[in-house]
Each structure stands twice: as structure tokens, then as C-alpha cells.
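Here's a quick briefing on the structure below. Have a look at it first, then go through the points by topic.

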2 protein chains.
Amino acid sequence: MRKGKHTYKADEDIYVAGTYSIVGPTEGKGRFGCFFDDVLEDDEWECKTHEKTEIKMHKHAIEQVIARADKQRTDIDCLIGGDLLNQLVASSFASREFEIPFVGVYSACASFGEAMSLAMFMLGRGNMRTAVCCTGSHYGAVERQFRYPLELGTQPTPASQYTVTGAGSVLLSLEGKQGMPKLTHCTIGKIVDYGICDPNNMGAAMAPAAADTILTHLKDTGRGEDYYDYIFTGDLGKFGRETVYYLCKKEGYDLSGCLNDCGSLIYADKQKDVQGGSGAGCSSVVFASYIYKEMCEGNIKRVLLVPTGALLSKDSSLQGESIPGIAHAVAFEV
Amino acid sequence: MRKGKHTYKADEDIYVAGTYSIVGPTEGKGRFGCFFDDVLEDDEWECKTHEKTEIKMHKHAIEQVIARADKQRTDIDCLIGGDLLNQLVASSFASREFEIPFVGVYSACASFGEAMSLAMFMLGRGNMRTAVCCTGSHYGAVERQFRYPLELGTQPTPASQYTVTGAGSVLLSLEGKQGMPKLTHCTIGKIVDYGICDPNNMGAAMAPAAADTILTHLKDTGRGEDYYDYIFTGDLGKFGRETVYYLCKKEGYDLSGCLNDCGSLIYADKQKDVQGGSGAGCSSVVFASYIYKEMCEGNIKRVLLVPTGALLSKDSSLQGESIPGIAHAVAFEV
């Protein structure tokens, strides 16, 4: 049922029946290290290229989330996947062996939010019963695709972020148990463009879209800033999180007590991460590890997850285009 | 309501309340020339790059489908868009000015099928009322991204296809009139990989997926091969269409009376198109022009549209990967 203009409510109970996260060694040494299901020993994982490592992580995340929820591949009605590689090759090559209907999504690093929003519409009312959403990214593959190959040793700028190596998956199902988090609402985001042109400053490009989606969600549902224990944006970084705080404050919402950013948190303070983490795997691995486990423990009751994406390609930047942002919000309660 | 394993039925009447198609000059001289809403005089349309032309066509197709259906931008609950450019820049840059929630989809040239399948789940039951789906492609932009820049004058191989320059959009709505085609079912396709590695032979890569989706749809719905006036695959080309015919025949379905391919048909016989057209714009412009108009006239009553996609990137081919295929089916009746 619709709540407000762009926010929709699940018709039936949709349980997050399982999650799985796999990350690279840098992420493993970060703040959520003990929450991840698997931490790789190196960034290659016996693969010849970073792209192949990303495919392998993605495939492993799908396999494991199905196995750990005691399901069979044939129980899954749909795989919804996204990543940052050109033509979504990580998601689609990872999904080809499962013989499960596949939906490829792209909202840059907001793809995890898009995937779960779409799953909310597809599950229930006699349609699908179970779907797996998975998104991931790989530092080496993303750097050379959007910026420069790692071998060049390019220095990060003060506003830059470090792409998360990892893949996170969730299994959404109409069947669940008491105490499992439920997906209750989604807000599909609009593209917002403030004219930022620096591909090393993603936080600035995405923050206006994140603020727009959060404000739309709160207004549509009539909820105050204190409704959620936490609002987690995807990968705005430290400056970007400040910008969202400021933009929401201007509209009368003080998010100081609840606003957090997966990207700002994923690395430990001692790690040289500049603004924090980013990438399609950033919000998915943090949700699939820390947030999900804390919800299952009852330590967090209500979360609004707002993965954020910067819409650019190497070509669009070279052709002088600005970087529009997008953010999709999904609400969970336990 | 679910019909069979991977086929879903619309809960409410979903009308195709309008369509719009814009194509390049080559497509304008093809078989459906008189059905397209707009034909460009040249491939540039006053833009500096082919990518910018593609964005402009895409934006125009969204604007026009809304205007011609006598709707306002604020009436549209969601834009669903896809294209072949890296990071979907055509769809997302075209959509940024509309201030409408945006969902980016990618199944290569099957994106039009994915977009309409998702719209079927999102519309109705108190959720969305109106959505616009739009996909497009540009010959020049796609050639230089996946193969070689046009300036190189590379010769096509006998199995190659010509990417359609064009964008096609549909406006799906719960409000409609008697005589308007309705979207009734969708079948989400699985990724099928027969190990084809030649990026100049897309038909061979996609045909197994197309056959799989068509057979799944017919078995799920219990329909025979004579139920549909036409089954239109997306862009298999002439060899690819033959392959689907053969694969379905082996399973006991003789599609000789109904199987057609948008890509095989879009160019006139006298045009040097080798196998026919391809691209995310191929099935969308043919559906938005010829198929839709013939359905509105009552000349075609039942159509199964099966856009087909080859999942590859330049990197995946260079790294020795094969080319998996995917196809999503959407059924229309008037």
C-alpha cells in the first residue's frame, strides 16, 4: 500500500531471512571486521584479474546466503544483482550458474537499495516468495575503470574515498521467524544534480540526493527524525555525511542523533581511508554484517538504509558532464 | 497472481496508454519507417558526441510519451530506463531533469523486457499508477564502446549486427480506454551460457536464452504456440531467429507461424545490415511503433515480446569470458 508520494509499504511480511558478507583484507581490519562472515587473505583470491575476483566474491555471496538459510537454489524465485563494472559483468557472470531468473540493476553505489526496493514489489500477493539481492565492488577493478590503474600509484585527494572490496547479499522471504528483521517500506529516489564535476568528490555529488530521499521518506510516512534508531546512508564519506546533516537541518529535521554513513564507518580510524569507503559493496556488506546482526540481537530495532550512488562513467566525465546523485531508501524493523 | 514457476500475471489491468519512438536516418529508411514517430535527419542531432545524441534521444522519448498521453511529469510515479553505455549514462543523464523517481535496469538489449516486467510488479494494488519505461541505443556510441570506433572503418563479419540508433518509450498506466493493449504477463529470464565467445555473433549467444524464456512462458501458462499472433524476439538477427526456431521445435513447439525478430525486420532487404538490427533500442522502437500501432488498430491481438540480451563487456571478452544470454518475456493483449 502506498504511503505518501514516493514511499511504498510492503503488503505482507517480508523477512530478511539471511545475509552474507565477504570482504577484502583492508575491510577485514576495519571497524566491522568481526561482523563479516568471510575476510579474504588478499585482494586476488587466486584470480588473475580483479574483475574475476569480484565475480568470484559475488558468486560466493549468493551461494552462501542460500546455503546458510537452509534453502536450495530451486527455492529462489529471483536473483537481483548489481555492481559497478561496465555492463554489470560481476553480477551477471556470477549469476549465470544458478539457473535462477535474474534481474540486473544499476544505480551505482545505490544499487543495493534499488535491488531491495524492487524485491519488495516482487514478493508477496501470490507472486514471488523468495529473492536474493546481492551487490559488490572491488577496489582494484573500480579504480582502473573510473580513475587510474593501481599500478600508477596515484595519490588520493582529500575528498576521495576508498572503494570497498566485498560483496554482500540478503535473502528476502515471506517465510521467517519471530525476531528476524522485516523489510517494511521503500522510497525510490529521484536523480539530483547540484553540478558537481569532480569524480574524486563523490560525497558532495551524492549528498543532495541522499537528503532528498531521506526527507521524502520522512514526509511521506509522517515519521519524525526520532522514529529510526539509525539512518544509515551508503557511502557519502565524512564530508558528505555532514552535508546531508546540514541539508536536512535546513528543512527542520535534526538527524544528529541517528545519522550514520556506512562508508564513514567501515574503516578504522587508524586506516588511511581519507573520507571512508564507497562502492556498490559498501552498504551491502555493512548491512549484511553489522546492521543485520545487531538487529537480530535486538540491539537495533528500526533502521532506514539509504544506499547512495554517483551517476558517472569515465566517458561522461571526459565529455564534461556533471555527476548526478541518486539514493533509494529501505526501512527495516524487528 | 503467479502462473507457473517463473511467469507472473498482472493483478489489475495495466494499459499501454502511449508509446513514442525516435530513430536515426538508417532506421527511418527501414521496414518500419512510416511507423516511427520521429526520424532524425542525421546521427548527430546537433550533438558533439554520439553519447550526447543518445542522451538527447532518450530524454526526448520520455518527454514525448508523457506529453502525447496528456499527462504531466508529476503524474508519473517512476521512470524505468536502460541502455548499453557504461554505467547507464544515457538513461540516467536523460532522466535527471524530470524529478521523477528513477530505476536503472540492465540486461543488455533485453533491458526493455526487464523494465516492463518490473513495471508490472510496481503498478497496481495501491502502489504505483503510472510508469514510463524507456530504452535506447546509438550505433556510433555502441560500436566504439564494445568494438571499434566508426572512424576505423572496420568491416562487419557475416554474423554481425547493426546497432539500432533510436529510443523507444512506453507509458504504462492503470487508466486506459477500450482498445488499448494491456500488459498481462511477464516471464523473468535466466542467464543461459552456451559458451559462445565471438562478440560479433550475438545471435548465437542470445538464442538459447530466448528459447528458454519462450518455452518457460508457454509451459508456465499452458499456452500453445498458436495462442499468440506473434512472438517477437528482440535482436537475434536472421541466424539467431533460426536457432530459436530449431531449439523450440526440438521441445515440441513449432513457432513457424508466429516467430519474428525485431532485429531481423527493422531494416529493409536492400539495406546492407548483415544479420539485422540489435541494441537496447531495437525492441523498444519496434514495439513502440509497428507493434503498438498495429495492436491499437486491432490488426494484432496477442503478442509475446521477448527482448534478448548478450551479457558482455569489452573487458570480459578481453579476459577470455564467454557471452551469456538473457531474455525477458512480456505478454500483451488487446
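This is a predicted model: local features need pLDDT of at least 70, side-chain atom pairs count only at pLDDT 80 or more; totals for chains, interfaces and linings use all residues.

**Helix α4 of chain B**

- The helix runs over residues 111–122 of chain B, and its twelve residues should span 16 Å at 1.5 Å a residue.
- Twelve of its twelve residues are buried, which means α4(B) is largely enclosed by the rest of the structure.
- Among those buried residues are B:Ser111, B:Phe112 and B:Glu114, along with B:Met116, B:Met120 and B:Met122.

**Aromatic rings**

- Searching the whole structure turns up 22 aromatic pairs over all chains.
- Take B:Phe232 and B:Tyr290: their ring centres are 6.5 Å apart and their planes sit at 80°, so this pair counts as edge-to-face, a label for planes over 60 degrees apart.
- This pair ties together distant parts of the chain, since B:Phe232 lies in strand β10 (residues 230–233) and B:Tyr290 in helix α9 (residues 280–296), 58 residues apart.
- Both partners are buried: B:Phe232 has 1% relative accessibility, and B:Tyr290 has a relative accessible area of 16%.
- Over in chain A, ring pairs join A:Phe32, A:Phe35, A:Tyr230, A:Phe232 and A:Tyr290 into a cluster.

**Charges over rings**

- In chain A, the charged end of A:Arg302 sits over the ring of A:Tyr227, 4.0 Å from the ring's centre.
- In chain B, B:Lys56 has its charged end over the ring of B:Trp45, 4.6 Å from the centre.

**How the two chains pair up**

- On the contact count, 59 residues of chain A meet 59 residues of chain B.
- About 5,000 Å² is buried between chain A and chain B, and carbon and sulfur atoms give 55% of that area.
- On the chain A side, A:Gln87, A:Arg96 and A:Gln319 lose the most area to chain B, together making up 14% of what that side buries.

Terms used:
Residues are numbered from 1 along each chain as its sequence is written. Chains are lettered from A and ligands numbered from 1 in the order in which they are written. Side-chain values use heavy atoms; hydrogens and water are left out. Helices (H or I, at least four residues) and strands (E, at least two) are DSSP runs, numbered from the N terminus. The expected span of a helix is 1.5 Å times one less than its number of residues. Buried means under 20% relative accessible area, exposed over 50%, partly exposed in between (1.4 Å probe, protein chains only). Rings of Phe, Tyr and Trp (its six-membered ring) pair if their centres lie within 6.5 Å; planes under 30 degrees apart count as stacked, over 60 as edge-to-face and the rest as tilted. A charge sits over a ring if NZ of Lys or CZ of Arg is within 6 Å of the ring centre and within 35 degrees of the ring normal. Contact means heavy atoms within 4.5 Å. Buried area is the accessible area (1.4 Å probe) that two parts lose on being put together, summed over both.
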